Amino acid sequence: MGQAAMVAAAFGGTLPPGVTGTNDRCTLIVSNLNSDKVDTDKLFNLFSIYGNIVRIKILRNKPDHALVQMADGLQAELAVHYLKGAMLLGQKLEVNFSKYPSITPAPDAHDYSNSNLNRFNTNVVKNYRHCCAPTKMIHISALPQDITEDAILDHMGEHGTIAKSKLFEASGKTQALVQFESEEEATEALVCKHASKLEGSTIRISFSQMQNI
């Protein structure tokens, strides 16, 4: 099965509207960033939902612009599709294909190609299935077995108003759902707290497509 066919199967048989599966441009230009708050790791945490990240570079002469190089053109297409117009740290993102085919290795270009935090190193089909635009609900995994709901709320609460939360076990692993009042608050929590430490565990955060808890 080709990659586009595999992704289409993950989405229920067809690619999302506007995603061709034939794009070969891997590098994106992201603009209208909040240059006071954004950094390469926060961009990695967001864009890695849609594919593996090779490099990210925030432009020195335009600190509200960044280049993001994805592993392949299909993943880049998904990122453009789902993140164009999304709110990140108070700013509405512009996400487009860059004229540059790749980001040249340099001291100011952060290399993520060997990062074990790239989500598509494993469970590729499952990760494609979870691709979606930012939602109000985040799913948290890789939690300590004995974590409390209060500890999770304390860890996430600085990023917005939490409407609901739920701690549960699936396949023998402790997981949580946290619903914020807005997509922007949930996005901030994800970019700031994905891969953060919580009681000794490096937690994983993604958007959930569930409408309610």
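Which residues of the largest nonpolar core touch the most other members?

## The core

They are Phe 47, Tyr 50, Ile 138 and Ile 140, in a core of 55 residues. Helix 3 gives this core its largest share, 7 residues. Such a core is a set of buried Ala, Val, Leu, Ile, Met, Phe, Trp, Tyr and Cys residues joined through side-chain atoms within 4.5 Å. Buried means under 20% relative accessible area (1.4 Å probe, protein chains only).

A word on the model: it is predicted, so local features need pLDDT of at least 70 and side-chain atom pairs pLDDT 80 or more, while totals for chains, interfaces and linings use all residues. Numbering starts from 1 along each chain as its sequence is written, and side-chain values use heavy atoms, without hydrogens and water.

## Helix 1

Let us turn to helix 1, residues 3–10, where Val 7, Ala 8 and Ala 10 are buried. These residues line one face of the helix, because they fall within an arc of 155 degrees seen down its axis (the arc of directions from the helix axis to the C-beta atoms). Their packing partners are helix 3 (73–83) and helix 4 (124–129). Helices (H or I, at least four residues) and strands (E, at least two) are DSSP runs, numbered from the N terminus.

Just after helix 1 comes Gly 12, with a positive phi of about 95 degrees.

## Thr 27

Thr 27 belongs to strand 1, residues 27–31, and is buried at a relative accessible area of 0%. Its side chain reaches the backbone nitrogen of Ser 102 at 3.5 Å.

Leaving aside neighbours within four places in sequence, Thr 27 has contacts (heavy atoms within 4.5 Å) that include Leu 67, Phe 97, Tyr 100 and Ile 103.

Notes: Buried < 20%, exposed > 50% of the residue type's maximum accessible area, 1.4 Å probe, protein only. Polar contact = N/O pair within 3.5 Å; in protein donor to acceptor, adjacent residues only side chain to side chain.
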